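Colleague: I am new to this one. Please show me the model, and then I will ask about a few places in it.

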Amino acid sequence: MTQRMKNENWKRTHYTMEITPNMDGEEVVLTGWIKEIRDLGGIKFLILRDKEGTLQITVPKDEVDELTLKHAESLQRQDCVSIRGVVKRMDKAPRGVEIIPKNIIILNTAKQPLPLDITGKTPADIDVRLDARVLDLTRDENRAVFQIRHVILEAIRDFLSKNGFIEIHTPKIIASATEGGANLFPVMYFEREAFLAQSPQLYKEQLVIDFEKVYEIGPTFRAEKSHTRRHLTEFTSIDIEAAFATAEDVMEIAERLIQHVCKMVVEKCCEDLKTLKYKVEVPEMPFKRLTYDEVINELKDAGIKINWGEDIPTIAYRTLGRLHPYFYFIIDWPTSIKPFYIKPRDDKPELSEGFDLMWHWIEVASGGTRIHDKDLLIKRLREQNLNPESFRFHLQAFDYGMPPHAGWAIGLERLVMMLTGVRNIREAVLFPRDRFRLTP
RNA sequence: GCCCUGGUAGUAUAGUCCGGCCUAGUAUAAGCGGCUGUCGCCCGCUAGACCCGGGUUCAAAUCCCGGCCAGGGCGCCA
């Protein structure tokens with residue numbers, strides 16, 4: 001045996017979940033972390049966790065050698081170990097199988113007491129949990145959220161790719177505001193001031209000239225002082241843009257995508273959903289389409305008065321969410337409350353071809369047909385008190401055959417909330433950034 | 001930018017309204033000891049806290065003021 005091999009005698013042969021009762025008698029090496037310890041005196045049970053699951057390590061104290069016993073006795077929660085041992089079929093053990101250790105290598109120890117209870121018997125506050133996020137994520141229900149998030153992203157990429165979209169990445173350091181407004185984070189870019197991108201909007205629109213159908217999944221930054229369970233200052237936006245498409249075309253893509261994502265999560269994340277005690281329903285298509293006018297009338301009947309042309313306040317959305325559970329679109333928004341790039345309707349310019357996709361009372365996506373006529377775009381910029389000169393590079397694209405196009409953006413973390421049942425958006429991000437949190 | 005609520009051991013809480021019975025209770029985690037089939041194991045023991053500063057009062061965890069920190073909501077948005 002070479003020195004190198006000797007040093008690697010901790011290397012695993014199996015994951016915990018690969019160990020089955022019919023491997024009785026086989027010698028295996030497992031690596032992971034000590035999740036629980038139950039010492040009954042003459043016998044000690046250790047629960048080993050790895051990325052796949054858990055397995056019981058049973059230490060009958062008069063049957064293991066002195067050194068192994070010494071190591072077993074010193075173990076504490078969250079210690080990192082490699083355990084060589086023999087598989088034993090045992091009906092009384094979880095999953096009918098356990099490991100009798102022959103050798104325990106302590107790869108690293110954990111400082112006690114831990115800053116939060118990893119068993120979940122005494123649940124910690126979100127603030128304490130996020131301060132010790134790595135430890136917090138050792139809990140199955142917290143990791144399950146990110147297993148599902150992974151499947152969501154996989155499903156989105158799969159769906160969009162199969163539908164002819166190409167994944168792009170646009171700059172996150174930008175020279176000026178993409179949509180106006182003051183809610184950008186300034187950064188020093190050498191001797192100049194720059195900003196963190198609040199949206200890939202302008203870039204993705206320009207790129208439809210070259211690629212026709214593009215999508216981006218990437219970080220976006222909003223310097224909004226929101227302090228709610230559904231806002232972050234850094235979140236992941238799923239953006240699409242398609243040439244020769246209208247709002248209705250991209251709404252169909254959105255509902256088909258949502259349905260596909262729900263299906264994949266239901267199919268692939270059965271265990272994780274069980275861990276989270278949450279049920280995902282695959283929505284029926286097509287989703288309801290409510291016009292802005294219908295919405296304000298419904299709200300009027302419910303006792304909430306909204307003047308035509310006003311935006312819909314949160315309280316009204318909560319009421320609307322009760323009237324229309326699950327997914328629905330709101331269409332035909334007044335042009336005046338939509339961003340400058342949203343196309344006004346040809347027949348009624350006071351209405352726009354913008355839409356929002358709602359889930360209960362939460363806005364999940366917004367999008368619409370875009371203006372592809374340069375003069376109209378400049379007119380709309382001026383109407384929203386934006387300076388066309390600041391948009392020079394964007395407007396330039398409209399000189400080179402900008403096709404009619406449409407697109408939308410979905411907030412990934414809100415989608416994760418929907419498909420995991422977590423009630424705080426911070427639970428849907430590994431290391432969330434909000435108005436007050438910049439660490440870890 | 002505005003509004004509301006809170007801060008008690010490593011964690012989570014009781015006590016705060018109506019100051020004295022708090023020498024601050026409980027659970028869990030931690031340390032020590034015991035227990036051979038646990039699976040939120042069990043039992044005993046030990047140690048551990050009133051966010052900071054000021055004020056009121058005979059007396060403050062409790063009331064008041066300021067600060068810091070945290071949670072939630074509004075507006076805005078995904």
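Modeller: A polar contact is a pair of N or O atoms within 3.5 Å; within protein, one must be able to donate a hydrogen and the other to accept it, and residues adjacent in sequence count only if both atoms are side-chain atoms. This is a predicted model, in which local features need pLDDT of at least 70 and side-chain atom pairs count only at pLDDT 80 or more, while totals for chains, interfaces and linings use all residues. Residues are numbered from 1 along each chain as its sequence is written, chains are lettered from A and ligands numbered from 1 in the order in which they are written, and side-chain values use heavy atoms, with hydrogens and water left out.

Colleague: How far does a polar side-chain atom of asparagine 424 lie from a phosphate oxygen of RNA strand B?

Modeller: Glutamate 36 also places a polar side-chain atom by a phosphate oxygen of RNA strand B, at 2.9 Å. For asparagine 424, the distance is 2.7 Å.

Colleague: Which element gives the most to the surface near RNA strand B?

Modeller: Near means that a heavy atom of the residue lies within 4 Å; helices (H or I, at least four residues) and strands (E, at least two) are DSSP runs, numbered from the N terminus. Strand S1, S2, helix H3, helix H10 and strand S15 each supply at least two residues. The most, four residues, come from S15.

Colleague: Which residue of S3 is the bridge partner of leucine 46?

Modeller: Strands pair if DSSP finds at least two bridges between them. The partner of leucine 46 is isoleucine 57.
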